[in-house]
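Here are my notes on this one, as numbered points. Have the model open while you read.

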Amino acid sequence: MPRPEIRMITFTVDGREVRAPENAMLVDAAKLGDVEIPVFCYEPKLGQPVGACRMCLVEVEGIPKLQTGCSTPVKDGMVVTTRSERVKEAQEAIVEFLLVNHPLDCPVSDKGGECPLQDISFGWGGGRSRFIEPKRHFEKPLSLSPLIAIDRERCILCFRCVRFSQEIAEDYQLVFLERADSTFVGTHHGHPYVAPFSGNIVDLCPVGALTSNAYRFRARPWDVENGGSVCTLCPSQCNVTFTVRDDAKVLRVFPRDNAEVDDGWLCDRGRFGFQAIHSPERITAPMVNEAGSLREVSWDRALAAAADGLRKAGAKTAALAGGETSNEEGFLLQRLMREGLGSPHVDSRAGGPIDADHARALAQPELAAMVSDIDHAGAVVVVDTELQDESPILDLRVRKAIRRFGIKVILVGGRPGALDPPANAIVRTTPGGAEAALGALTAALGVVEPSDAAPADRRMPRDPAQTPVGGLDERQHGEPERQGEWFESHGDEGDGRTGGIDDLSRRAGTSSEAIRNAAAILRAAGPTVVLWGERLSHSGRGGAGVRALLALARGLGIPETEGAGLIEVPAGTNGRGLREVGCLPGLGPGLADAPSAGKAAAEIAPLLGNELSALILLGGDPLRTHPDRAAWARALDAAGFVVAFADFPSETLTEHASVIFPLESYAEREGTVTHPDGRLQRLRQSIGHPGDVRPVWSVLAELSARLGVPGEPEFLTSPMVSRALFDAVPFYAGLTLEEIGGKGGRWQERSAASATPAAPELPAPGDLEAPPEPLETENGDLRLGTARSLWSGRETEHAPILRFLVSGQRVELSAEDGRRLGVVSGDEVTVARNGSSVRGVAALRDGLPPASVYLYEGTAEDNATELTGGESTTVTVRKAAAE
């Protein structure tokens with residue numbers, strides 16, 4: 001669906017002529033004329049208005065009855081009155097009616113001072129109440145969930161929270177219970193309201209009936225200040241506001257609306273995870289390992305020890321950057337490594353290296369989609385990622401596009417997910433089968449079946465002068481396009497591609513019917529946005545997976561189609577930014593070839609203690625995030641010197657660290673991060689540093705100076721580092737922090753984007769190598785796949801309010817395998833491979849392919865990385881013996 005053209009009209013409100021977009025709701029259009037119409041139930045983010053509260057009644061010339069301003073679209077020449085006696089009488093009556101049972105407890109209400117009901121009562125109410133009878137009473141407060149308290153006496157039944165649950169998050173838990181003046185909000189099943197986005201109802205509530213347990217009775221609006229920044233707890237990079245008291249403590253986090261990033265929503269991890277910032281377990285001073293134990297020391301002592309150890313190691317040093325590392329920190333780290341220590345061994349990817357040509361291809365502006373393109377696409381393809389866990393706000397964005405704009409959704413991956421119910425097509429694969437599925441889908445896009453040929457007016461635009469790229473073209477009705485020797489050798493008589501589809505589908509562990517159904521939908525859909533998980537590029541087949549993705553982009557005509565593109569869901573928050581600033585073993589800043597190629601993370605582990613002797617961990621913990629945990633345990637044992645930047649103690653630190661520098665939280669950090677769609681966003685410091693914590697950029701700059709980085713400028717402030725970074729990356733050239741501002745800016749939309757390094761032509765289906773045969777399973781073994789949980793991480797472990805969500809290991813099996821193994825949901829099972837094992841709770845899932853099992857990565861205990869080693873593998877699952 002193309003972006004709608006905005007047609008401006010003129011209408012009159014309270015005697016003023018106002019220009020506004022046609023069909024905008026009166027409430028919004030009136031604001032353009034500096035006229036406020038009061039509302040309670042109206043919230044544009046919730047979709048179509050419902051007119052439940054009647055507070056927005058206005059007079060419209062030519063219509064005898066009062067109209068609701070929230071649901072009346074403006075038309076050219078419309079005349080509206082919002083201040084007549086008739087309107088004033090109606091508004092006063094609504095306010096009086098709402099206050100009949102609303103308690104007059106403003107002095108003790110958390111909403112007091114920032115309450116719409118308070119403001120509207122003063123501005124549009126009658127000033128006194130005629131009601132002298134007893135008000136209704138409910139038990140209060142009740143815990144709607146461990147995160148949210150509900151005061152039912154304050155509720156005005158505006159319907160906002162229920163609409164959010166049913167129409168935005170689509171968890172369908174909140175409903176109105178009882179009837180008449182006994183009506184209240186609750187869950188339909190009577191259980192607590194636990195969902196990934198539940199905290200948003202606190203922001204939506206206009207009267208303080210729903211309050212955050214983390215903020216309840218902590219402060220009043222006049223006691224606090226608000227500071228804007230970006231949440232770096234997941235790749236969604238939501239814009240947030242920190243509510244701060246005394247410049248030292250974050251009391252609340254709520255969304256800062258950015259339609260190009262988050263639509264004004266926030267997941268519960270981002271909303272409540274701030275409590276980890278003030279955890280007593282946090283590291284707030286530098287530490288040095290002396291005589292086998294860590295103890296706090298002065299900064300000068302710690303810096304001297306780190307510089308001395310790194311100087312001795314020199315080029316035998318390796319560095320790993322964690323996913324939350326800012327662009328500036330990553331830039332300084334790679335500069336310290338390459339210019340200060342002479343070592344090319346720096347990496348920011350846990351799952352495996354990415355080919356330099358693939359990194360450049362993925363950076364091409366013509367392949368980049370914006371988040372808002374999802375709203376207006378014809379179709380969205382979600383590949384090898386569970387958005388609700390890995391980038392939650394993108395999950396809400398896709399749901400919005402389905403609900404409001406009717407886009408088609410195709411899912412490609414091995415694990416059932418939250419988007420399965422509304423999806424138009426599901427290509428379910430075995431673990432690791434996404435590469436073959438993408439190859440089959442690309443091939444199928446070039447084969448038009450008589451039953452699914454798209455009407456001419458719905459085909460994707462093409463430039464006739466360009467070489468056909470596997471989508472619809474004139475040769476589909478004549479000689480088939482050559483697809484390469486492999487496709488021809490697997491072809492049926494008459495069309496090599498059809499046979500290739502069948503064989504590729506088999507290798508993916510899916511059906512050719514599912515592939516053809518998905519292709520038929522895509523051919524008819526128009527511009528397509530592909531949301532793909534970084535997992536596709538992991539392991540030994542990662543390069544082939546990216547080539548299959550790029551071939552799909554070519555088959556969909558993405559480079560030539562406006563509003564189409566790719567958006568990666570990286571494993572780390574700033575995965576794209578770290579790639580672009582040079583935190584990869586073979587790439588320097590701006591995706592240029594590094595002076596010398598280094599080793600990737602998986603190659604670093606076996607070299608520590610031999611060819612490598614020192615390791616820098618910048619917010620990374622390989623024992624928790626990297627495949628083959630046993631290999632990393634051996635590597636850290638063998639490493640002679642380990643410098644770690646960390647915020648909480650861990651096994652990695654207590655047993656292996658030589659020097660520890662305290663790591664800033666995201667509320668204390670200055671710098672920039674890069675959104676998966678290429679939007680640079682600014683991190684702003686909202687609170688002071690606790691204890692002896694220093695900015696990471698300043699520590700890296702100090703280490704660089706002590707190690708004699710050639711030509712190292714003296715970085716005195718974070719903006720100075722940003723300036724050096726922008727100068728070093730050609731396609732960031734001329735960028736300033738002021739230009740990034742509060743909403744961010746996509747570098748692809750600037751003139752400097754022409755400096756993006758060239759990439760090879762996108763591969764055609766025939767250029768793809770044959771994917772491997774499906775992994776054979778013997779003696780009842782299962783193919784292992786991994787997934788991430790939204791609740792696996794230090795925030796849930798160190799934020800008291802989130803601890804009930806800490807994710808233990810979950811073993812997902814198909815119902816068929818559960819019956820064969822004698823396992824039911826809730827049983828404790830053991831998953832083993834090559835002498836290593838993890839324990840977890842079984843969960844039988846109907847949509848999971850047989851002979852497959854999925855485990856969570858990143859859990860504090862029984863981590864899936866115990867069993868992964870970079871390649872597809874099989875494991876043995878057994879019911880755990882009773883202890």
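Predicted model: local features only at pLDDT ≥ 70, side-chain atom pairs only at ≥ 80, totals over all residues.

1. Residues are numbered from 1 along each chain as its sequence is written, and side-chain values use heavy atoms, with hydrogens and water left out.

2. On to salt bridges, meaning a side-chain nitrogen of Lys or Arg within 4 Å of a carboxyl oxygen of Asp or Glu. By that rule the count is 61. As background, side chains of opposite charge can pair when their charged atoms come close.

3. Have a look at Arg-706 and Asp-300, whose side chains form a salt bridge at 3.0 Å, N to O. The two sit 406 residues apart, Arg-706 in helix α23 (residues 696–706) and Asp-300 in helix α7 (residues 299–313), so this pair links distant parts of the chain. Helices here are DSSP runs (H or I, at least four residues), as are strands (E, at least two), numbered from the N terminus. Asp-300 is exposed because its relative accessible area is 51%, whereas Arg-706, at 29%, is partly exposed.

4. Glu-651 and Arg-629 also meet in a salt bridge, at 2.7 Å from N to O. Glu-651 belongs to helix α22 (residues 651–656) and Arg-629 to helix α21 (residues 629–638), so the contact ties together parts 22 residues apart in sequence. Glu-651 is partly exposed at 35% relative accessibility, but Arg-629 is buried at 18%.

5. What about Arg-794 and Glu-795: how far apart are the closest N and O atoms of their salt bridge? The answer is 3.4 Å. Arg-794 has a relative accessible area of 26%, so it counts as partly exposed; Glu-795 has 3% and is buried.

6. There is a salt-bridge network too, linking Asp-105, Lys-140, Asp-151, Glu-153 and Arg-154.

7. Finally, strand β19 (residues 408–413): five of its six residues are buried, so the strand is largely enclosed by the rest of the structure. Strands pair if DSSP finds at least two bridges between them. β19 pairs in the parallel sense with strand β18 (residues 379–383) over five bridges, and Lys-408 in β19 is the bridge partner of Ala-379. With strand β20 (residues 425–428), β19 pairs in the parallel sense over four bridges; there, Ala-425 in β20 is the bridge partner of Ile-410.

Note on methods
Buried < 20%, exposed > 50% of the residue type's maximum accessible area, 1.4 Å probe, protein only.
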